[in-house]
Amino acid sequence: LSVDSTIHTESADSLNAGKTEGGEAAVSDTTAGGGAPTVAPLMKSEEMLAYAINTFTEHFPHHKLAPDMLYKGGVLFQAKKNYPEARKYFEKITSDYPESKYVENSWLAILEGYYNSNDYKNAEKTAILIKEAGLGGDAAQRANTVQAASIFKTANLVKEKGDERSAALEFRRAALDVPDFESADQSLFNS
């Protein structure tokens with residue numbers, strides 16, 4: 001195996017052990033066509049760093065630096081717009097290190113990754129999880145914004161497909177579920 005495939009396999013196995021899939025950035029960084037973001041490849045030194053992080057956190061999960069290392073791994077992949085890989089690191093922090101100083105930023109990075117990948121359904125679910133987790137301040141405000149924006153964008157996508165009734169229901173939901181959303185009035189008007 002090459003270093004790159006080893007990193008991918010190890011991070012997927014070690015970071016998702018026993019987890020189910022599921023659950024981001026009101027400014028999208030996707031490709032011009034609105035599809036998935038273009039993932040930048042890791043440089044050789046970044047591959048080595050990811051390998052070191054995965055090896056360290058696999059062998060020393062209770063070490064005081066494990067959350068720091070996982071966060072660095074998540075940030076590395078997030079910067080490359082490899083949101084699924086970054087999410088593995090951030091989810092590991094939120095599930096295994098709930099008292100870590102990185103929990104709030106990890107939740108927000110997960111949220112950003114879904115939103116920037118145009119996965120509005122999971123962005124909305126993650127926003128709700130953030131609010132249910134009781135994260136306050138900037139995290140709660142960001143979750144509200146992304147939740148409303150995700151519903152609004154979903155409504156626009158449904159409308160573009162010609163399903164006016166379903167779009168109207170989604171626009172209405174955006175206004176009612178997140179009434180302090182800056183486009184709540186526009187959502188009601190669109191419904």
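Trainee: Which residue just after H3 takes a positive phi, and of about how many degrees?
Mentor: That is Lys81, with a phi of about 65 degrees. This is a predicted model, in which local features need pLDDT of at least 70, side-chain atom pairs count only at pLDDT 80 or more, and totals for chains, interfaces and linings use all residues. Residues are numbered from 1 along each chain as its sequence is written, and side-chain values use heavy atoms, with hydrogens and water left out.

Trainee: What makes a stretch count as a helix or a strand here?
Mentor: Both are DSSP runs, numbered from the N terminus: helices are H or I with at least four residues, and strands are E with at least two. By that rule the protein chain has nine helices and zero strands.

Trainee: How do you know that the span of H3 is close to the expected one?
Mentor: The expected span is 1.5 Å times one less than the number of residues. H3 has 14 residues, which gives 20 Å, and the helix reaches 20 Å from its first C-alpha to its last.

Trainee: Why is H3 called largely enclosed?
Mentor: Buried means under 20% relative accessible area, exposed over 50%, and partly exposed in between (1.4 Å probe, protein chains only). Ten of the 14 residues of H3 are buried, so the rest of the structure largely encloses this helix. Among them are Leu70, Tyr71, Leu76 and Phe77.

Trainee: Let's turn to H6 and H7. Why are these two helices called roughly antiparallel?
Mentor: Axes are lines fitted to C-alpha atoms, for helices over the stretch in contact, and angles run from 0 to 180 degrees between N-to-C directions. Under 35 degrees counts as roughly parallel, over 145 as roughly antiparallel, 65 to 115 as roughly perpendicular, and the rest as oblique. The axes of H6 (residues 120–132) and H7 (residues 137–160) come within 8 Å and cross at roughly 155 degrees, so the pair is roughly antiparallel.

Trainee: What kinds of residue make the contact of H6 with H7?
Mentor: There are ten nonpolar, four polar and three charged residues. The classes are nonpolar (Ala, Val, Leu, Ile, Met, Phe, Trp, Tyr, Cys and Pro), charged (Asp, Glu, Lys and Arg) and polar (the others, Gly among them).

Trainee: Gln147 is in H7. Is Gln147 buried or exposed, and how do you know?
Mentor: Gln147 has 4% relative accessibility, so the residue counts as buried. Leaving aside neighbours within four places in sequence, its contacts include Glu124, Ala127, Ile128 and Lys131, along with Asp177 and Val178.

Trainee: And how is Ala133 classed, in the loop between H6 and H7?
Mentor: At 47% relative accessibility, Ala133 is partly exposed.

Trainee: What covers the buried residues of H6?
Mentor: The cover includes H5 (103–116), H7 and H8 (164–177). Tyr120, Asn122 and Ala123 are among the H6 residues covered in this way.

Note on methods. Contact = heavy atoms within 4.5 Å.
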